[in-house]
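This report describes one protein model for a reader who is new to structural analysis. Please keep the sequence and the structure in view while reading.

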Amino acid sequence: MADKSKEEPGNELVAAPTPPPLPRSLTDPVPVVVVGTVVFLVAFVIMLLVGAPALWTWSCLAGFGLGFVGYGVFRWQRSAARRGSRTAQEGLL
């Protein structure tokens with residue numbers, strides 16, 4: 001049985017190169033959240049105008065409400081990170 005603690009020549013570990021960071025325009029979630037929330041609001045208004053089933057109408061309203069509340073939580077966390085709060089999520093600046 002070979003001793004695995006000994007390294008054979010040519011089996012050195014090579015660190016994988018780290019990829020460059022993504023540009024800010026691809027990592028900022030604000031445009032996605034805002035567009036999604038507005039789409040749910042527009043869909044709700046359309047559902048009201050065309051007389052769609054109640055489940056679809058209220059689902060659109062719930063999507064708008066959750067997007068609105070979620071954006072508020074996101075802004076709250078981002079402001080906490082900017083002021084240096086220890087409980088804030090990291091990477092939101």
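What percentage of the 93 residues of the protein count as buried? The share is 18%, where buried means under 20% relative accessible area, exposed means over 50%, and partly exposed lies in between (1.4 Å probe, protein chains only).

## Basis and confidence of the model

The model is predicted: local features need pLDDT of at least 70, side-chain atom pairs count only at pLDDT 80 or more, and totals for chains, interfaces and linings use all residues. Residues are numbered from 1 along each chain as its sequence is written, and side-chain values use heavy atoms, with hydrogens and water left out.

The quantity pLDDT is the predictor's confidence in each residue, from 0 to 100. Its mean over the protein is 83, and 81% of the residues reach 70 or more. Where pLDDT is low, the predicted coordinates should not be read in detail.

## Overall arrangement

The protein contains three helices and zero strands, and its pattern along the sequence is α-α-α. Helices (H or I, at least four residues) and strands (E, at least two) are DSSP runs, numbered from the N terminus.

A contact means heavy atoms within 4.5 Å. Of the contacts with a separation of 6 or more, 40% are accounted for by residues 24 or more positions apart.

## Helix α2

The expected span of a helix is 1.5 Å times one less than its number of residues. For the 21 residues of α2 this gives 30 Å, and the end C-alpha atoms are 30 Å apart, which agrees. Just after α2, Gly51 takes a positive phi of about 70°.

The buried residues of α2 are Val30, Thr37, Ala43, Phe44 and Met47, and they pack against α3. Phe44 counts as buried because its relative accessibility is 15%. Not counting residues up to four places away in sequence, Phe44 touches Thr57, Cys60 and Leu61. Phe44 and Cys60 are 16 residues apart in sequence, and 5.0 Å separate them in space, C-alpha to C-alpha.

## Helix α3

The 29 residues of α3 should span 42 Å at 1.5 Å a residue, and the end C-alpha atoms are 42 Å apart, which agrees. The helix is followed by Gly84, whose phi is positive, near 85°.

Several residues of α3 are buried, among them Thr57, Cys60, Gly63 and Gly67. What covers the buried residues of this helix includes α1 and α2. Thr57 lies in α3, which runs over residues 54–82, and is buried because its relative accessible area is 6%. Leaving aside neighbours within four places in sequence, Thr57 is in contact with Phe44, Met47, Leu48 and Ala52.

## How α2 and α3 pack

Two packed helices are described by the angle between their axes and the distance between the axes. Axes are lines fitted to C-alpha atoms, for helices over the stretch in contact, and angles run from 0 to 180 degrees between N-to-C directions. The angle between α2 and α3 is about 155°, and their axes are 8 Å apart. Therefore α2 is roughly antiparallel to α3, a term for angles over 145 degrees. The contact is made by residues including Val30, Phe44 and Met47 of α2 and Thr57, Cys60 and Phe74 of α3.

Note on methods: Parallel < 35°, antiparallel > 145°, perpendicular 65-115°, else oblique.
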